[in-house]
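Open the model in your viewer and switch to cartoon view. We will go through it stop by stop.

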Amino acid sequence: MTTGHSEDASLRVGAEDPALSTRLSEELTAFNNDATGAHDDRGLSVRVTDEAGELVAGLVGWTWGGCAGISEVWVRADRRHEGWGARLVRAAEDEAVARGCTSMIVSSMSFQAPGFYRRQGYLETGSGGGIPGGHTRHHFFKDLGRTEGGPRDQERFVESRWANTTTLSL
């Protein structure tokens, strides 16, 4: 559907567009790399399969500029509560550290796993509403190099690092 145009450009709204998604990702990665000087962006994945080769659990994310992020985590329903989520996250953290990362970020909706991330040592840095069903999106941070001092030490580090930021609830 075309919703706007000028003599030299047109604006169209449509469904999912893999080619557009790829192009935007490439353009934003180039912009971000130029702006920060960090050119080490890499995908990150952790996969668990059973004896039949079927997927039991998985995690996908990224590393870039000393930071790592978890994009998606999933554990098959019949294998939940066996510790796979914690093992996935720990494996991703270990790989991130091996790649030189010192922090990890992740977001989770209130009906997903915010309590799980807290139990893994992540600290909530913000939240926002507007999710269907009255739910909230929670944002978490973990310092991969300073967790030896326990949760309060990490809280002080996060407080000092984020002292001049504001959380917006939408």
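This is a predicted model: local features need pLDDT of at least 70, side-chain atom pairs count only at pLDDT 80 or more; totals for chains, interfaces and linings use all residues.

Six strands make up an open sheet, and its order is β3-β4-β5-β6-β8-β7. The pairing is mixed. Now color β3 (42-49) and β7 (123-131): these are the edge strands. Each has a single partner strand, so one side of each is left without a neighbour in the sheet. Look along the sheet for its twist, which averages 20° from one strand to the next.

Next, select residues 67-75 and 103-109, which are strands β5 and β6. They pair in the parallel sense, over four bridges.

Move to helix α2, residues 84-98. How far apart are its end C-alpha atoms? They are 21 Å apart, which agrees with the span that 15 residues should have at 1.5 Å a residue. Show side chains for the buried residues of α2: Trp84, Gly85, Leu88, Val89, Ala92, Glu93 and Ala96. What do these buried residues pack against? Their partners are β3, β4 (55-64), β5, β6, α3 (114-119) and β8 (135-143). Then step just past α2 to Gly100, where phi is positive, about 95°.

Last stop: helix α1, residues 18-36. From first C-alpha to last, its 19 residues reach 27 Å, close to the 27 Å expected at 1.5 Å a residue. Gly37 follows α1, and its phi is positive too, near 80°.

Technical notes: Residues are numbered from 1 along each chain as its sequence is written. Side-chain values use heavy atoms; hydrogens and water are left out. Helices (H or I, at least four residues) and strands (E, at least two) are DSSP runs, numbered from the N terminus. The expected span of a helix is 1.5 Å times one less than its number of residues. Two strands pair if DSSP finds at least two bridges between them. Axes are lines fitted to C-alpha atoms, for helices over the stretch in contact, and angles run from 0 to 180 degrees between N-to-C directions. Buried means under 20% relative accessible area, exposed over 50%, partly exposed in between (1.4 Å probe, protein chains only). Contact means heavy atoms within 4.5 Å.
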